[in-house]
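Hi there,

Here is the structure I promised to pass on. Have a look at it first, and my notes follow below.

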Amino acid sequence: MGGETQMIPSPGSASYPKLARGPVGKQIHNIYRDRLRQFTDNGQYRQQSLRAKFYHARIHDSTHVKLSVYSPPHLERPTFEEATSHEFSPASLGDSFGPSWSTHWFRIHLTIPTSIKSDGHLEFHWDANNEGLIWLEDGTPVHGLTGGGERVEWILPEKWRDGKEHIFYVEMACNGMFGNAPGGDSIQPPKPDKYFTLHTADIVSVDLEARALYIDFWIIGDAAREFPEDSWEEHEALQVCNSIMDIFIEGNGSQESIREGRKLAQKYIGTKVDSSKVYDTDYEAIVSAIGHCHIDTCWLWPWAETKRKIARSWSNQCDLMDRYPEHRFCCSQAQQYKWLEQLYPSVYDRVKEKVKQGTFQPIGGSWVEHDTNMPSGESLTRQFLYGQRFFESRFGQRCKTFWLPDTFGYSTQLPQLCRLAGMSRFFTQKLSWNNINNFPHTTFNWVALDGSQVICHMAPDNTYTAEAHFGDVKRSVTQHKSMDQDATSLLVFGKGDGGGGPTWEHIEKLRRCRGISDQVGLLPRVKMGDSVDDFFARLEKKAENGTEFVTWYGELYFELHRGTYTTQANNKWNNRKAEILLHDIEYFATMATLKDTIKGEKSGYSYPKKDLDDMWEAVLLCQFHDCLPGSAIEMCYDDSDELYAKVFDTGKKLLKDALTALGFVDINSSEGRLTGLNTLPWSRKSIEEFTSPVEDSTHGLVVGSTGLAYVEPLESQLTGNSLACVKETKPGIFVLSNARFRLEVVAGAITSLYDLYERRQLVPPGSKANQLVLYDDKPLYWQAWDVEVYHLRSRTELQGGESKIVESGPNRVAVATTTKISEKSWIRTTISLDALEPSVRTRDSTTTSSTSTVDPCPLASASHTITVSAEAEWHETMKFLKVEFPTTIHNTDATYETQYGLVRRPTHYNTSWDMAKFEVCCHRFADLSDANYGLSILNDSKYGFATQGSTMRLSLLRAPKAPDAHADMGRHVMKWGLLPHQGPVGQESVRAGFEFNYPVRIRRFAGKDKELGEVGVLLRSLTVESRSGGLVLDWVKRGEDDEDVSRREGLPVREGRSVVVRVYDALGAWTRGSLSWGALPVRKVWRTNLLEDDEVEVPTKDKSIEVQVRAFEVVTWRLQL
C-alpha cells in the first residue's frame, strides 16, 4: 500500500559479542552470602582474611614495653597516689593475677621503636580479659579497658614518638565487664578465686584503611544478609561484597587491593562515610541515634567497682567526642556523677566541659535509676528532688526526660511525679521483655492516677545497649508500633549494664548505615548529633499541632521479674523502716526548729540538713533497681547492710537530738511525764508494748491526736470478765475473742473468723486463713528475679505444730505456733487480738492523779486488726513461702495500695493480660471488698501479693540461688494483719496501713505540764481536714533553700524559714478541704512543685487555706514564716 516506509534492521551493538565465551551459571545465592564471613571472622581463614591486615607491626619486647606490678593486699582498691607510692615488682606477659575482685597496679615503661614512629596510627593494646584503667604518670586517668578483645586499645599520644621512654600505669580490676561468674552464665554467684592472665601488652601500628574496609564490608554484608532477598538492594550488596573479596584475593591482600575495595564499597555506602559530613544532607532522618552507657550502680559487682566503671566508661566517651564531632552521649544517675566528682576530679572536669559543649548530656533527673514498685511515694519524690537539684547545682540545668530503661515495671503515679519534677517525657524499653503479652505501643501518652500525662517512647529496637548494627537501624522501623501517629524513634546504642558505652566501631557503623540510606535507600535513615530532648521536643511539637498519640492509663506492669517483690527480704525490711524513720525525724526536726515561734525563746537546735541528706542519699542509693528488688550478688547486700546500719545509727541520734530539743527523754528516765508521740495526721488509739516495763505494766493505752498522745499503763491483772479473752476449747483448738471478733485457731491457721458486729463469717467452711503454704520456685532462668505462673501448681500446705497461749488478757490475747518447714527451716507465728475497750488507770491530761476505770472510747482501726507476728529461720533451696487467706468475699478486682494512691487489679484470669498479674506489688495493704464488706491484709515490710478469686496471698520469703547463693538465708522477723471492715475499701484501710507501720514513740517529757502543753500546740499545728477523709498529710519538712537549712551548694538561698507539707488524696475522689497551721506564724503560702519552686501564691484565711485536690493528686505547699 502507498505511503509505507520500509524498516531496515539496525545492526547489533558492536560491543556485544556474537559468540558465547563459555557457560556462566547463576550464583547460588546462599553460598555467595555465606562466603562473606570468611573475609572478617576469626575462624580458620583468619590469616588469609582482612583481619590479618589490621596491623603493620606489633611490638611487645621488654626493650620497648617494660612491666612491673604492685598488688595491694586484702582486695583493697587504693588511690593512684597510694598505689604508686609502693615498690613495684617485675611482671611479664603470661603472668596471672587474682583472686576475684583484687586490684593490681602496673607501671609501664614504653618506648616507641624507631621503625614505626613515623607510622600513621599507633596504639597500645592491653588485655588480661578483665577491666582496667590507664593513668598518665601525673595521675590523670585517661582511658578505660574492658578486656576479652573489647576496648583493649589506647591511642598513644603523638608526643611520645620522640624515641624517649614514657611511663604510664594500668589499674587492673580482677573482674570482667559482668563480674566474676564461673563459666558462661553471668548471673551465677561469682567465683571467689578467679585469676586472669595478662596476654597482651603491645605497641601496635594500625592500618586504618584496613579497619575502615572492615566496617564497610561489615555493614554492606549486613545489607546482603538482612534486606529482603527479593529486593535489588540485597542483590547489589551481595555483589559488592563478593567483588571486594575477589579484589582482595587477586591483590594478595595488598594495600592497593584494600584501597580498591574501599572504592568498590563507595558504590553502596557513598563517599562521605569517613567523616561526620555523611549526616550533612537534606534528607529527613527518622531514627535518632544516641550514645548511652547503662552502668548498673550495683548488680554483679559491688558499689566500689561501679565507681571505677564510671571513670573508665566516661573518660572513653570524652575521648570519642574529641574524635567524632557527631557523637552525643547521655547518661543518668546523679549518684554516679557525684562519685566521679569526689573520686576522679580530672575526669569530672572533662565531663563538665563536654556538658557545656552539649555533647555529654545528663538525663533522667533522679538520684539513681531506681526501682519504682517498692519505694514509698516520698522516696520517689526524693529521687527527683535530689537528682534534679544535683544536676542544677553542678551543670546549671534540670533534666526534662525521665530515663529508666532497665527497671522492672513502672508505678502508676510516675507520670504525675515526673510532671511535678519538671519532666514531661519518659523513656524506657523494659516492657519489651514481657514474657506473656506484647506491649502494643512505641510512642504514647502515659497517664497517671490523677490524669497527669507524660509522652513516653519505648525504643522499638527493644534495647538500651544496641550494637549499632545494620539490624538495629532496620528494627527501629520494622518493630515500631506507633507509626500511625509518628514513625520516628530513638536508637540507644553502646555497651551497657556493666558500663563501657559506645565504641569507635559503633559510630563508624552508623555512618555507613546513613551512607546506605542516602546512596541506595530501603534502610531507614539514621542521624546523629541530636539529643534525647531534641527527639522528644519534636514529639511534643507534633502533639501541640494536633497529632493524637494513643494513651495508656495506669501502671506499666512488667510481665516478668515478679519475684523481685519478695527476694532479699531483709533489704526490703530495711527500706521500709528507713523511710519511716526519715519521716519521723524530719517531722520532729522541723518542729524543733520552730519551737521558738511558740515559746519565744531562741533554740540552739539546728535542722540537721547534712545528716539528713546523707541518710536520704543512702536510702535512695539502696533503691537502685538491682539492689532493692533483690537481684544483685551477695557483696551488694553486704554493702547495703552496712549502709543501712549507718542510716539507722545516724537516724537514732537525729531523732534523739530533735526530741531532746522538744523536751523529751528516754522512757527509762527516772523523771518526766509518760507521753506518746504520734507523727500521723489523725488521732490514734491503740495498745502499745513498752520497750521496758512501766509501773509493772508491759503495755500501755495510747490515745491522742497528731503530736502528743497520753499513755496509760494497762492493768496486768484484773478480776472479773476479761475484755479480750482466749480459751482452748478442745485440745489444739483455741478461741480468741473481743467485742468485735471471734477467731478459731488450729495449728496456727484461722479456721473461723466471725465478725460479731456484722454477723459475718470471713473464712469459707473447710478453709483455713493465715495458712502457710510452700511452693516450688524454679523460674525459666532469672532466679532472683522471676517467679513463673506454673509455680502455683506446686502448692503445699505446711502443717503447724503445737500451739500455746502466750498472752491471756485482759487487754491482749495471743496464741503462738511453731511450724516446721523442713529439717533446717521453721517459722513461729503469733496471732494476737486486742481488747476494744481496755481497762486503764485513766489520768487527767494536766494532773498526776489517777483512777481505775474503763475508758469508754473504742479503739481506732489499728486495734480492729488481728495481728500476726512472725519469726522465721529460713534455709531452703528454690522454695517460695506465702501465707494465704481464703475469704467469703467475691469481686473481680482487688485493691492494692501504691505510692500516693490505690490501684485495682483483676482477681480472675479472663485474658492473658489478667493472668499475667498473678503476682503483683502492694505497699502497706491489699484489699478485697464487695459493696458492703471487705478484708484488708496489712504488712510491715512485704511487697509481693496475689489475689486469686476469693483467696488472698501475701508473699513472705524466697530462696533463689543466683546471683546470690545465700539470698534470704537466715533469721527474719515480719508482721502482717487482718483488717475486716464495713463497706468497700476506704479511709479505715488507708489509716490502718499507716498505723501498722508507723510506731507511736513513747517517751517522757522532762519539763513542766505548761511546757508540755506548748509543745503539744506546736506538734499538732499542721492539720488537714476534708469531708471525705481521703486527704493525707504525708510529709512535713523544712524548705530546702531556707537560709538556716541550705548547704549552699550552688543553688539560690531563700530568706527566712519555711515549712514544706505534702498532701495527697488517698481514696480517688476530687476533694475539698483545708490546711491549717494553728499557732505557727505563717506569712504566705505557696503551692510548689516537688522541687519546691514557688508556683502560685495561695490566699490564706483564719490561719488556713482552702484545699482542692483531684483524685489521687499530690500537692505540695510551702508555708513561709
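Is F390 buried or exposed? With a relative accessible area of 4%, F390 is buried. Please keep in mind that this is a predicted model.

Another edge-to-face pair is Y781 with W782, whose centres are 4.9 Å apart and whose planes meet at 75°; here Y781 is partly exposed, at 36% relative accessibility. The count of aromatic pairs comes to 54.

Two charged side chains sit over rings as well: K882 over the face of F880, at 4.7 Å from the ring centre, and R905 over the face of Y896, at 4.9 Å.

On the cysteines, the count of disulfides is zero. C627 has the sulfur of C298 as its nearest cysteine sulfur, 4.4 Å away. C627 is buried at 0% relative accessible area, and C636 is buried at 1%.

Finally, the largest pocket has a volume of about 1800 Å³. Of its 48 lining residues, E688, E689, K975, P999 and V1000 are the closest to the centre. Strand β25 (residues 684–694) gives the most to this lining, with seven residues. The lining divides into 21 nonpolar, 12 polar and 15 charged residues.

Best wishes

Technical notes: Residues numbered from 1 in each chain as written. Predicted model: local features only at pLDDT ≥ 70, side-chain atom pairs only at ≥ 80, totals over all residues. Heavy atoms only, no water. 1 Å grid on protein atoms, 1.4 Å probe; cavity = no way out; pocket = protein on both sides within 12 Å on 5 of 7 lines; lining within 4 Å. Points joined across faces, edges and corners; volume = space filled by probe spheres on them. Helix = DSSP H or I, 4+ residues; strand = E, 2+ residues; numbered from the N terminus. Nonpolar A, V, L, I, M, F, W, Y, C, P; charged D, E, K, R; others polar. Disulfide = S-S within 2.5 Å. Buried < 20%, exposed > 50% of the residue type's maximum accessible area, 1.4 Å probe, protein only. Phe/Tyr/Trp six-rings, centres within 6.5 Å; stacked < 30°, edge-to-face > 60°. Lys NZ or Arg CZ within 6 Å of the ring centre and 35° of its normal.
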